Amino acid sequence: MSTDISAGRACRDLIDAVELIDHHCHGVITGHPTAAVFDDLMTESPWPAPAGTSGWDSQVGLAIRRRCAPALDLSPDRSPADYLARRAELGAGEVNRRLLGAARLHTLLLDTGYRGDDILDVPGMAEVSGAEAHEIVRLEAVAEQVAAVVGSGAGYPEAYRAALASATADAVGLKSIVAYRYGLDFAPGRPSEAKVAERAAAWLDEIARTGVVRLTDPVLLRFGIWCGVDLALPLQFHVGYGDADVDLVRCNPLLMSAWLKATRESGTSVMLLHCYPYHREAGYLAQVYPHVYCDVGLAINYTGARSAAVIAESLELTPFHKALFSTDTFGLPELYYVGAQLFRQGLAETLAEWIDRGHASVADAVRIAELIGNGNARRVYQLG
């Protein structure tokens with residue numbers, strides 16, 4: 001067994017140089033956030049912290065202050081107030097350029113279906129980051145756009161298919177937030193056209209009555225997912241950890257097993273996002289189903305100093321050609337920078353330990369890092 005410390009260090013240096021494709025992320029805000037807005041964007045909780053505390057009192061808060069402050073010419077031991085003051089002094093544009101540039105991301109695959117008016121779009125993110133950028137289309141967002149203009153429930157199925165085909169003309173993938181709107185325990189089968197038209201009519205009546213355009217009907221959610229399968233683009237699913245809108249019990253990817261069996265030969269790759277605390281379950285699914293992939297993106301930032309352990313756990317069962325990197329950043333460029341840093345460090349620590357214990361060679365470790373960092377995303381999303 002190898003006990004060569006220099007081998008582990010060499011591994012860390014090589015992995016630090018690996019290109020990263022962030023296969024699930026969002027745009028960043030263009031203005032300077034207030035302390036309250038920064039706090040909100042830094043956490044998944046919609047409620048403020050107790051008096052005398054803030055979102056900075058967390059793993060992600062600690063990681064931002066320790067890691068991002070030097071990139072803004074500030075010592076990491078300064079207070080959150082000092083950090084925000086320095087941020088305001090530099091201006092949002094400069095902060096975005098510094099932190100996104102320092103993250104050293106090669107490509108961004110951007111979900112544009114959430115609060116698109118509040119953040120930079122795909123071209124804007126490409127410009128500020130210096131990275132390639134491509135769009136991921138959210139199924140539910142397209143449905144809500146169709147509902148705002150379609151004349152009847154009977155016309156909804158064809159209108160949705162046409163709108164989805166148009167929206168994905170230049171996109172590299174799709175995403176569903178059925179975990180938020182219903183749960184991952186949705187019925188596996190494809191709904192009939194008649195049932196879809198019936199439920200669409202009821203939804204349109206509800207919109208007319210309430211003025212609220214929010215898709216929660218399980219039949220229509222399932223219809224959108226199957227329309228996504230028909231396009232044969234990689235299809236992302238939110239899994240596990242998220243904000244208070246999710247019922248975490250119903251976000252276990254094992255609940256999708258029957259649907260995964262039904263889509264095994266569809267030609268559609270299923271991308272399980274975030275997965276924590278179900279990352280081991282996701283790894284099992286990625287091992288046994290040929291079209292399933294997974295990441296621990298969102299969890300890396302929010303577990304901070306413990307993120308290396310989460311990365312290691314995620315690779316217990318997940319085949320190396322089925323794991324991907326992501327940050328799920330929304331709003332704050334800090335989350336891109338911290339997510340990339342923690343991923344590089346955590347993966348390097350994991351693989352260096354394998355080398356030290358004789359489980360892998362340096363060449364093995366570099367190949368694994370290349371697959372997870374960019375190779376798998378290039379292959380699945382056909383990025384070239």
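1. In this predicted model, Q236 has M271 of strand β6 as its bridge partner. The strands concerned are β5, residues 235-239, and β6, and they pair in the parallel sense over five bridges. Between β5 and β6 the chain passes through helix α12, residues 257-262. This β-α-β crossover is right-handed.

2. Strand β6 also pairs with strand β7, residues 292-294; here too the sense is parallel, and there are three bridges. Within this pairing, L272 stands opposite C294 of β7. The unit formed by β6, α13 and β7 is a right-handed β-α-β unit.

3. How many residues of strand β6 are buried? Strand β6 spans residues 270-274, and five of its five residues are buried, so that the strand is mostly covered, with buried meaning under 20% relative accessible area. As a general point, side chains in a regular strand alternate between the two faces of the sheet.

4. The structure holds one cavity of 30 Å³ or more, and the volume of the largest cavity is about 120 Å³. Its lining comprises 17 residues, of which V296, S314, L315, A323 and L324 are the closest to the centre. Two or more lining residues come from each of α13 (279-288), α15 (307-314) and α16 (333-356). The largest share, three residues, is that of α13.

5. Which classes of residue make up the lining of the largest cavity? Twelve of the lining residues are nonpolar, four are polar and one is charged.

6. The largest pocket deserves a separate entry. Its volume is about 580 Å³. It is lined by 25 residues, and those closest to its centre are E44, Y114, Y180, D243 and F330. Helices α2 (35-42), α9 (178-181) and α14 (297-303) each contribute at least two residues to this lining.

7. By class, the lining of the largest pocket contains nine nonpolar, six polar and ten charged residues.

Technical notes
Residues numbered from 1 in each chain as written. Predicted model: local features only at pLDDT ≥ 70, side-chain atom pairs only at ≥ 80, totals over all residues. Heavy atoms only, no water. 1 Å grid on protein atoms, 1.4 Å probe; cavity = no way out; pocket = protein on both sides within 12 Å on 5 of 7 lines; lining within 4 Å. Points joined across faces, edges and corners; volume = space filled by probe spheres on them. Helix = DSSP H or I, 4+ residues; strand = E, 2+ residues; numbered from the N terminus. Nonpolar A, V, L, I, M, F, W, Y, C, P; charged D, E, K, R; others polar. Buried < 20%, exposed > 50% of the residue type's maximum accessible area, 1.4 Å probe, protein only. Pairing = 2+ DSSP bridges. Right-handed = clockwise from strand over helix to strand, strands pointing away.
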